Amino acid sequence: MRSTTTLAALCAVTALALTACGADDDKGDADKSGQSVSASSKATPSTKAPGSELEKLTGPQIANKAMKAMKSATSLTTALDGTVDGGPMKYHMSSANNGECVGNMSFGTEGKVELVKTGDLIYMKFDRAFWKSQGGADGAAAADSIGERWTKSKASGSDFKDFASACDSDTMLSGFEAGPNLARKGKTTTVDGKPAITLTETDGDETYTTYVATEGKPYILKMVIKGGKEPGTVTFSGFGEPVDAKAPTGDIVDLDALD
């Protein structure tokens, strides 16, 4: 079923683009020319320092600060609009590190999915286009028998564990690891009214432009991937905000009872 591989691909795209900008404190940060900057010469302003302090750092140092800030987030909202696994995909998910989440994803003409995970259960509502595009004859039958009703299942079940993994913000942020990089510091700008500084890095025919907040914690606010096979835009917001994951009510199909 393409749904699970698509979500895995989404995580891979997010992780790839973000780790492309990562830096490793223990190994020193590379400046724009690729030369190492020793640990003793690094600028170490507070993550809550004014934007001007962050802007004094090198591109790799800013990237490293951003990685640490992202890893510290207890919750966040992630939105993607791009190409994943060879097809169009839109994804919007609010997730917390306690595994709660609420969101939706769509795959162009192949349908859309709404998702809520709370406790040990995952609730999903697939539209008819999704059922038919994913399951062949079985999918067409599911479209007729289940339709667009909410379904529920154990989140640990093999069919839905990949979807459930997107509900844990720690899992979503697992790709934000430090690593050697040559992130190039660019101009300052704003993202949804928030001051930010740009970092750019190129990998083959792909270019990653990352927008890092210069006020408050240096969270990554936006990432634009151009070129390659999976271009798109990813935005991050709602850092540390409560995730209002409430189980749906009404006529719900228990998928575990159908096995």
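Let's start at a ring: Lys222 lies over the face of Tyr211, at 5.5 Å from the ring centre (a charge sits over a ring if NZ of Lys or CZ of Arg is within 6 Å of the ring centre and within 35 degrees of the ring normal). This is a predicted model, where local features need pLDDT of at least 70 and side-chain atom pairs count only at pLDDT 80 or more, while totals for chains, interfaces and linings use all residues. Residues are numbered from 1 along each chain as its sequence is written, and side-chain values use heavy atoms, leaving out hydrogens and water.

Staying with rings, the structure holds four aromatic pairs (rings of Phe, Tyr and Trp, the last by its six-membered ring, with centres within 6.5 Å; planes under 30 degrees apart are stacked, over 60 edge-to-face, the rest tilted). Phe126 and Phe130 form a stacked one, 5.1 Å centre to centre with 20 degrees between the planes. Both of these Phe residues are buried (under 20% relative accessible area; exposed is over 50%, partly exposed in between, with a 1.4 Å probe and protein chains only). Ring pairs also link Phe107, Phe126, Phe130 and Trp131 into a cluster.

Now look at helix H3, residues 59-72 (helices, H or I of at least four residues, and strands, E of at least two, are DSSP runs numbered from the N terminus). Because 11 of its 14 residues are buried, H3 is largely enclosed by the rest of the structure. Among the buried ones are Ile62, Met67 and Met70.

Ser169, in helix H6, is buried too, with a relative accessible area of 0%. By contrast, Asp192 is exposed at 77%, in the loop between strands E9 and E10.

Conventions. The expected span of a helix is 1.5 Å times one less than its number of residues.
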